[in-house]
Amino acid sequence: MSKRVAVMDLGTNTFHLLIAEGDIHNYHEIVHITEAVKLGEGGINKGYILQEAFQRGVNTMQRFHEVIQSNNAAGVRAIATSALRSASNGKDFIKEVEAQTGIAIEIIDGEQEAGFIYNGVKLSGCLSAKNSLIMDIGGGSVEFILGNTDNILWKQSFEVGAARLMDQFHHTDPIPPASIEAMNLYLEDTLHDLFIATTGIEIDTLVGSSGAFETFAGLIETGKAKPFDLKSIQHYDFDEEELLTITNKLILSSHKDRAANKGIIPVRVDMIVSASLVTRFIMHALDIHKVSMCTNSLKEGVLAGMLG
């Protein structure tokens, strides 16, 4: 009898529910729901979940609970990351969800988060024997994992997620050059540990884990009038010029341009600007020319542990 399990990844912007069954190298998805909860909206850098966002989160968890019950998932894990980690009322949210649904949310730290992301990316076959730098841009934090198919050499989570950066630097649209300059200086300062960890290590590829990288890939492919379906791919190799062109276009765009673009999901319309800037900053700072996208991330890493 194959095992059926449910994993929830409760992020700063998005809550994901994945129900799957089978074994670790051969599982199939039964349910895959992504809800734009925007838990960090208005409060992310103040360290507090605002009432409306709090309620949206609870309502989403009630819906997830119903879906999990109707699909008879045996094992259930709900993993919370940056927004709930840093919010002063994060524990209240966890209590409320448990009272309403019986689901016990686990708050994990940045190190554990990075470990799960590595496992998810590794599971999809996106890594090689050469060293890659995995980068997962969330709303609250960004995880960097330096490693290869065999092991992790170094990993760390930084509180420089797209929602935090947007809140701090992106106040007028399009984002002004002075704000970009300020963001780059801030990243240079904040990501100091990353530069130390990668000194003297040859990085073959920057692997972008899901999120914004899926948007970049989709915009590039649909821009060539090619069909692009995320469900049918696990891996995408960028052409460096195309990636730099699309991120530049996004950085120079207005909210109106982005909102009208069907290739950008609503929750990502504004955050894609800071995600583009972080991506370009890393490519430039570490002199990386090969970039790929992997659709797997944290939830698949948690799933691997549950099915394995």
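Reader: Is Phe 93 buried or exposed?

Author: Buried means under 20% relative accessible area and exposed over 50%, with partly exposed in between (1.4 Å probe, protein chains only). Because its relative accessibility is 0%, Phe 93 counts as buried.

Reader: Good to know! What kind of model is this?

Author: Residues are numbered from 1 along each chain as its sequence is written, and side-chain values use heavy atoms, leaving out hydrogens and water. Local features need pLDDT of at least 70, side-chain atom pairs count only at pLDDT 80 or more, and totals for chains, interfaces and linings use all residues, as this is a predicted model.

Reader: Which helix holds Phe 93?

Author: Helices (H or I, at least four residues) and strands (E, at least two) are DSSP runs, numbered from the N terminus. Phe 93 lies within residues 90-101, which form helix H3.

Reader: How far apart in space are Phe 93 and Ile 49?

Author: Contact means heavy atoms within 4.5 Å, and Ile 49 is among the residues that Phe 93 touches. In sequence the two are 44 residues apart. From C-alpha to C-alpha, the distance is 8.7 Å.

Reader: What is the order of the strands in the open sheet?

Author: Two strands pair if DSSP finds at least two bridges between them. The sheet has five strands with mixed pairing, in the order E3-E2-E1-E4-E5.

Reader: Which strands stand at the edges?

Author: An edge strand here has a single partner strand, so one side is left without a neighbour in the sheet. That describes E3 (26-36) and E5 (105-107).

Key
Lists of a residue's contacts leave out its neighbours within four places in sequence.
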